[in-house]
Amino acid sequence: MKQIVDRLRQEAARLLAAGDVAMVIGYAKGTDVARTTPYFATNEEEAQNLTWNPFCTNNLVKYLLDFRFEDTKLAVVVKGCDSKGINRLIYDRQFPRERVVVLGVPCGGLLDRSKVLATIDPGAELQSVEDLGQEFVVRTDHGEFTFAKEQYLLPKCAVCRNPNPVISDVLLGEELPVAEEEKSDTFDDIVEMEALDPAAKSAFWDRHFNRCLRCYACRNVCPACNCRECAFEQAVPGWQQEACWLSKKASVDNNYTFHLIRMFDVTGRCIDCGECERVCPVNIPLRKLYRKVIKDVQELFGDTTPGLNIGDGLPLTSYRKEDPEEFM
Amino acid sequence: MEQAVRNPLLPQPATIEKIIPETGDVNTFRVTLDNAEAMTRWRHEPGQLAMLSVFGVGEAMFSISSSPTQREYLEFSIKRMGKVTTALHGLEEGAKIGLRGPYGNYFPYEKMKGKDLLFIGGGIGLAPLRSLIDFVLADENRGDYGKVEIIYGARSYDDLCFKRQIFEEWPQKEGTAVYTTIDREEEQWDGHVGFVPAYVEEIAPAAGNKIALTCGPPIMIKFVLQAMEKLGFKDEQIYSTLELRMKCGIGKCGRCNIGSKFVCLDGPVFNLTEIKELPPEF
Amino acid sequence: MTVKLINKDRFNVFLERLASGNELVAPIEEDGNIFYRRVTSVNEITLEADAFCFAPKGHFFPQYEVLYKYQQGSNALVLEEPGPAGPSVLLGVKPCDARALLSLDPVFDGNYKDAYYLDKRVKTTIIGLSCRKVRYNCFCRAFGFGPTSGEGADLFLTEVKDGYLAEALTSKGEALLKDYSDLFTETGVDGALQEKEQLAVQLDTQFKRKVDLDGVKARLDNMFEHPYWERLARKCLTCGICTFVCPTCHCFDIIDENGGGSNCGSRLRCWDACMFTDFTLHTSGHNPRPGKKERVRNRFMHKLKYHLDRYRVTGCVGCGRCIEKCPVNMDIIQVIAEIKEVG
């Protein structure tokens, strides 16, 4: 992993020094041992603060949107999962390909922060991390720790099918092998949910949505949520002047409305980066919602994974004669 | 168990008695409280604010544009802009609304006694100033103040508010001068044409023993203040009102802060010295 | 000040009786989250938790509440306030959260008294509880109190070997000890007090992150235009997490909800966040705090300066919740250190 970090800093410094990009969006050391923070390097010196390790969870692609109306060129560090977001933004004309240099990192999986913190003192100083394939060896000033991937990876990483970036200008490491059986998603979690009877499903979501704080972290972190002005935030909603169609009152009915509208909005565009679920402060299993529609779209329109490449016609934005129409 | 305290967020039922069209998009709403005793007890100071409610739509804060000397009713001169103002404009005479207040500080008219007053307004910005103009021009107060000059402009003739007062009532009072201007030439208009700040420089009122009060669009205020400086006005001679989005009006909801100040409690009236001490975030 | 002791068995009886005679609100776990909620069975209460727990401010200032109902006829308008709050007991309040209420009080009190907050405040008895562990991001010490400080609570408990030490800090606390005097004893109080002192010393060594607020306010007084804010704000997602988990954040919106026809409904207030785009947006489209920089700056200024300027109490109590929950590792401890560096 040290080679990747060295290569990243070198590449970032080179891009910044040559004036090829105005900023490199990457990760830097966080404020505890199992955390990193999004970092915006603007010169060679700052490039040396960039880092890479299995705590680099944030999907940095979202930050491109902050610069979409400028004309500067940016570099962004992406993992396989995040990289699909770049393709999505390019396809949706949210960010031009020529303005972004993609620094791709082959990713052997991310460690579950809460599980790691149960083992390592959060105040420990991270010295190095080594990816041994089946496990990570984490060296700190409090000692060396081995985390078996089977046990310590984030759930989304355990079933990852894109450890290598699907788009990159510079690949910061060796491509990782992908086993054949890992290539298709079996949606076990969703099948399990679908098997519940309606009352149980309803009780499940009632309980989870009831505690939604409507902090909008899921929306704000989501690379598929790229509207300039969110419908939920319009002071005077355009098509209904008097009745705001989503009340700010965070009651379970309104929260359903919010989450289900968001679910439909990201249908066919959600890249399943899992950021929504990670950032939720009240542990709502949001991926279950979005993965359900990913599954549905796949069943209806064939195996389409949003963001695998720039040009793929998205099921809900393109028309094919053979599209199902049983609802018409 | 008894409720521990009286509820300041609860509006009083009120009735729109009269709607006076001022311009294409400004109406003056004449309002009385339904509780006659509450109406008799009502007191406000020039420059203060009140929260008006259209139930089912929302609440918004407005300056009270009538003078405290007018004890029969309150007036609010309101431009149709957003949700609540649009709803207000859709109401008819006799409609029920909610009213709570008065809120905020006011023009320090005590400190202005014995001085000449210069009012500079643009568009709907004359509304808060009108409360003080009518207050100092009221018979019982007129003797306390010197010359009253009013410079007022709007985009067009139609956009001038309070036409009866600016063209008839105020100029006829003793010791007053009213100057009006519109931004662009119009066929029926034989008065001054040009922006307010330029007109201020043209009229060049002497700073002397004078207090200046200005209110209007932010861009107008900015250039008026530059003009005033050229004319030799000191910061403490100039007053303006600030306006921010408000919800509670009583310093709880946290959205009208400029630095450590809440505009709903510490404003809306600030003199230029105070404004310059605020972080530039309004 | 009365100090007594209650053993573990009797403590359960105490809880049972509190729950039956009052509205009892205490930490309750749900899907890995701990919220203060109304207790229906004392078995639900998770007092031992060292885990992250949401602040109890919602008991006084709920995420949403009806201010009044309106009914508008053709020539009459009827506004109906909700009934007054009943008596309640808030149990297991951490020292930082009890202290946070003292920061919220002057906001909702003052010349205009907020009937909703104060009504519940007056009618609630707060039973505080010493922490048993200092979490990594705790920094209450920087604000002059610690994990065994009871300030803000009416009755303050500390778990000891034989049960709970109970210190009455206000007349409400005294009343509680009197009402339940059959359960509390004076025997062993001295030993328990010593135990509490030892706990305080031991907890003091657990603070990992050093925070020194000295000079921070003075620097902020002159830092409004500093380029630091622009840099700091880049990573912010402007979500509402930090404000919603904060025990001292009090911003709200007021909204109308029509129900059962267009002429009746409710006016509510609900939590709002200074991080949101539309928070300060004018109807004209002008926004005094249009971007991340302005909003992030406002939040830290509010926590470390504005609140102090206005109310003479800090707007932060060092609970560390915003640090823990921030998705991008915006860390107020780091911000404090950086302000001292760059300011």
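**View 1. Aromatic pairs across the predicted model.** Over all chains, the count comes to 34 aromatic pairs. Rings of Phe, Tyr and Trp (its six-membered ring) pair if their centres lie within 6.5 Å; planes under 30 degrees apart are stacked, over 60 edge-to-face, and the rest tilted. B:Phe55 and C:Tyr70 make a tilted pair, 5.3 Å centre to centre with 40° between the planes. B:Phe55 sits in the loop between strands E3 (49–54) and E4 (58–63) of chain B, and C:Tyr70 in strand E4 (residues 64–72) of chain C, so this pair joins two chains. Helices (H or I, at least four residues) and strands (E, at least two) are DSSP runs, numbered from the N terminus. B:Phe55 is buried at 6% relative accessibility. C:Tyr70 is buried at 2%. Buried means under 20% relative accessible area, exposed over 50%, and partly exposed in between (1.4 Å probe, protein chains only).

This is a predicted model: local features need pLDDT of at least 70, side-chain atom pairs count only at pLDDT 80 or more, and totals for chains, interfaces and linings use all residues. Residues are numbered from 1 along each chain as its sequence is written, chains are lettered from A and ligands numbered from 1 in the order in which they are written, and side-chain values use heavy atoms, with hydrogens and water left out.

**View 2. A ring pair within chain B.** Which way do the rings of B:Tyr109 and B:Phe135 meet: stacked, edge-to-face or tilted? Their centres are 4.7 Å apart and their planes at 55°, so the pair is tilted. The pair links distant parts of the chain, 26 residues apart. B:Tyr109 is in the loop between strands E6 (96–103) and E7 (116–122) of chain B, and B:Phe135 in helix H3 (residues 126–137). Both B:Tyr109 and B:Phe135 are buried.

**View 3. A ring cluster and charges over rings.** Ring pairs link residues of chains A and C into a cluster, among them A:Tyr216, A:Phe232, C:Phe60, C:Tyr117 and C:Trp271. C:Lys57 lies over the face of C:Trp271, at 4.8 Å from the ring centre. In chain B, B:Arg30 lies over the face of B:Tyr73, at 4.0 Å from the ring centre. A charge sits over a ring if NZ of Lys or CZ of Arg is within 6 Å of the ring centre and within 35 degrees of the ring normal.

**View 4. The interface of chain B and chain C.** Here 49 residues of chain B contact 57 residues of chain C (heavy atoms within 4.5 Å). About 4,300 Å² is buried between them, 58% of it from carbon and sulfur atoms. Buried area is the accessible area (1.4 Å probe) that two parts lose on being put together, summed over both. B:Phe55, B:Lys252 and B:Glu281 supply 18% of the area that chain B buries against chain C, more than any other three residues. Six salt bridges cross this interface (a side-chain nitrogen of Lys or Arg within 4 Å of a carboxyl oxygen of Asp or Glu). C:Asp272 forms a salt bridge with B:Arg255, the closest N and O atoms being 2.9 Å apart.

**View 5. The interface of chain C and chain A.** Chain C gives 40 residues to the contact, and chain A gives 40 residues. The buried area is about 3,400 Å², with 52% from carbon and sulfur atoms. Eight salt bridges are counted between chain C and chain A. A:Asp121 and C:Lys208 meet in a salt bridge at 3.3 Å, N to O.
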